[in-house]
Amino acid sequence: MNEFCKNLPKIELHAHLNGSLSSQTLKKLGCFDESIEEYHRLNKVMERSSRTLDECFLLFKVAHNATRTKEAVYTATKDVIEEFFNDNAIYLELRTTPRSEECMTMEEYVETVVKAIQDNKLNIIVKLLLSIDRRYQLPASDNVMNLIIKMKNKYPDIIKGVDLSGNPNVGIFNSELFKKAKESGLSLSLHCGEVKNDKEVEEMLFLNPDRIGHATCIHPKYEGSEELWNLYCQKLIPAECCLTSNVVCGTSKSYANHHILEWIKNDLPFTISTDDKGVFNTTLSTEYELLQRHFDLNDSDLWKINYNSIDYSFAESSEKDKLRDIMLEWKTKYMK
Ligand SMILES: [Zn+2]
């Protein structure tokens, strides 16, 4: 491991709670032995060759199965926060889809995640984004959005935004729903252009979300189009770049051919994220190491990406100031 990438104070803006569960946490949640076996089997398959998106979604299902009780959700959240902290993340935005289980309502699920965040005593600021799954249709999607808005009003310091996620090959993007979220004061981060869908990408960009996830199929070289790329360049919406996730899922052919190259070349806003560090067996430090290795960036570039990411975060402005101070102090101490 590159010591600089490990020690650098880092900002994580795109981490799904369930996909971030490490195998240690899954083991700890022990009552799901069958799922864990499946998890390891699939993980082994993943090491050998790249997987399709659908196969990755099967893996996410295994992690979901491990968190069917409030106790498990609490432990999972606590562990993920601790693991990011141990990887020297100083700010973490977790995201998760509110869901109900046999012994837990959707609201209780959110309450449990919030409680674990509130109980965090580590030196890492943690915020929560609640996700709408692409599979949800009206009126279910509207009900979930109403719950998200209600929970945001109850925990305005923790719940900061809404995310649209799920299998990009299914479901639709309902812009009206996200307009409503925006009007209620929630920030927006949309998984955007993971697969080619020019019309949807255009609609998303026109909504002016605060950030977009992946941004894979926008540039004409990466299955997007000139029109979309021009629109993106006008909007300059920060992109959440998840290298390992994209390569493992096959939405990017290789690290060297990753679309983030266009962002680097054109000095466009982006942040580096893990997406699902458990499913993809990665860490935020590893993602920075990959970025440095494949795109010839120096230590100062990596520091700047994190420093800029503070601006793109949904933290309060006083928290952003604090994060900037930490990064500047670290730079003075450890960088020539
Ligand atoms: Zn994601």
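This is a predicted model: local features need pLDDT of at least 70, side-chain atom pairs count only at pLDDT 80 or more; totals for chains, interfaces and linings use all residues.
User: What makes the length of α14 close to what you'd expect for a helix?

Analyst: Helix α14 runs over residues 299-312, which is 14 residues. From its first C-alpha to its last it reaches 20 Å, and the expected value at 1.5 Å a residue is 20 Å.

User: What caps the N-terminal end of α14?

Analyst: That's Asn-298: one of its side-chain oxygens lies 3.1 Å from the backbone nitrogen of Ser-300.

User: Why is Trp-303 called buried?

Analyst: Buried means under 20% relative accessible area. Trp-303 has 4%, so it counts as buried. Other buried residues in α14 include Leu-302, Ile-305 and Ile-310.

User: How do you know that the buried residues line one face of α14?

Analyst: Look down the helix axis: the buried residues fall within an arc of 170 degrees, so they line one face. They pack against several elements, among them α1 (3-7), β1 (10-16) and α15 (317-334).

User: Why do you call the pair Trp-303 and Tyr-307 stacked?

Analyst: Two checks here. Ring centres have to lie within 6.5 Å, and planes under 30 degrees apart count as stacked. These centres are 4.7 Å apart and the planes are at 15 degrees, so the pair is stacked. Both residues sit in α14, four residues apart, about one turn of the helix.

User: And what makes the pair Trp-330 and Tyr-334 tilted?

Analyst: Their ring centres are 5.2 Å apart, which passes the 6.5 Å limit. Together with Phe-4 they form one aromatic cluster.

User: Are Trp-330 and Tyr-334 buried or exposed, and how do you know?

Analyst: Trp-330 has 13% relative accessibility, under the 20% cut-off, so it counts as buried. Tyr-334 has 51%, over the 50% cut-off, so it is exposed.

User: How do you know that a charge sits over the ring of Trp-303?

Analyst: The charged end of Lys-331 is 4.3 Å from the centre of that ring. The distance limit is 6 Å, and the charge must also be within 35 degrees of the ring normal. Lys-331 is listed as sitting over the ring. Likewise, the charged end of Arg-211 sits over the ring of Phe-314, 4.0 Å from its centre.

Notes: Residues are numbered from 1 along each chain as its sequence is written. Side-chain values use heavy atoms; hydrogens and water are left out. Helices (H or I, at least four residues) and strands (E, at least two) are DSSP runs, numbered from the N terminus. The expected span of a helix is 1.5 Å times one less than its number of residues. Buried means under 20% relative accessible area, exposed over 50%, partly exposed in between (1.4 Å probe, protein chains only). The arc is that of the directions from the helix axis to the C-beta atoms. Contact means heavy atoms within 4.5 Å. A polar contact is a pair of N or O atoms within 3.5 Å; within protein, one must be able to donate a hydrogen and the other to accept it, and residues adjacent in sequence count only if both atoms are side-chain atoms. Rings of Phe, Tyr and Trp (its six-membered ring) pair if their centres lie within 6.5 Å; planes under 30 degrees apart count as stacked, over 60 as edge-to-face and the rest as tilted.
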